[in-house]
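The sequence and structure are shown first.

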Amino acid sequence: MKKKKPFLLAAAAAAAALTVLAGCASKPDNYYTLASPVPAAEAAPSTIGSAAPLYIELAPVAVPERLARPQMVVGRPNGGVQVDVLEQHRWAASFENELQDALASGIAARLGALDVTKGGRQTSQPVWRIAVQVRQFDAVDGGRVDAGFNWTLRRSDEARTMVCQLNVGESVASGIDAVAQGAQHVTAAAAAAIARSVAAARANAAATACMP
């Protein structure tokens, strides 16, 4: 039996490596955003430049450690203890940053406010400071997206702190696109609830809790 020549073995190995690389290249990464346009019926005209401009400042959002990554984390339909970290399905930024951007833009648009985390406020002007904590954000392909949020509100020139919470969820169809869309809807619902709580706090100077 003849032995294969070294260059033939090398060629075969190179061909196998190219095949593996081709297989990997056939699975491009998919990127998703939690931000969504605010419906015209929910948007408010800008208060900036008016006699009573409104400023908000959203602190970095606290999320469970397992979610603090760009990869989507999806539970399994059978309700088991395992979750899947999807390397080919990612948020456009790390989840906590993507969530903060989506909430900040959604809240500001619904109030006609300016998000001062991006600048644009003099220090003499009061700002509503919002701190959000995510208790849960669970997604199951072909099942549901369920989330729980806690947040506090405080105007920079007041001692009062307003404490709020929200549980929200919706059923989703099969497919990661549907899961991402469900997560987007849940995020929009949270932004709308936080905006309502700011409006309620502005309207009632004695309020210290809310039921969004």
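## Basis of the model

This is a predicted model, in which local features need pLDDT of at least 70 and side-chain atom pairs count only at pLDDT 80 or more, while totals for chains, interfaces and linings use all residues. Residues are numbered from 1 along each chain as its sequence is written, and side-chain values use heavy atoms, with hydrogens and water left out.

## Helix α2

Helices (H or I, at least four residues) and strands (E, at least two) are DSSP runs numbered from the N terminus. Helix α2 comprises the 17 residues 95-111; at 1.5 Å a residue it should span 24 Å, and the 24 Å between its end C-alpha atoms agrees. The expected span is 1.5 Å times one less than the number of residues.

Of the 17 residues of α2, 13 are buried, so the helix is largely enclosed by the rest of the structure. Buried means under 20% relative accessible area, exposed over 50%, and partly exposed in between (1.4 Å probe, protein chains only). Just after α2, G112 adopts a positive phi of about 70°.

## Salt bridges

The structure holds eight salt bridges, each a side-chain nitrogen of Lys or Arg within 4 Å of a carboxyl oxygen of Asp or Glu. Among them, R66 pairs with D138, with the closest N and O atoms 2.8 Å apart. R66 lies in the loop between β2 (55-58) and β3 (71-75) and D138 in strand β6 (residues 128-139), so the pair ties together parts that are 72 residues apart in sequence. R66 is partly exposed at 39% relative accessibility, as is D138 at 31%.

R155 and D157 also meet in a salt bridge (2.6 Å, N to O). R155 is partly exposed at 26%, and D157 is partly exposed at 48%.
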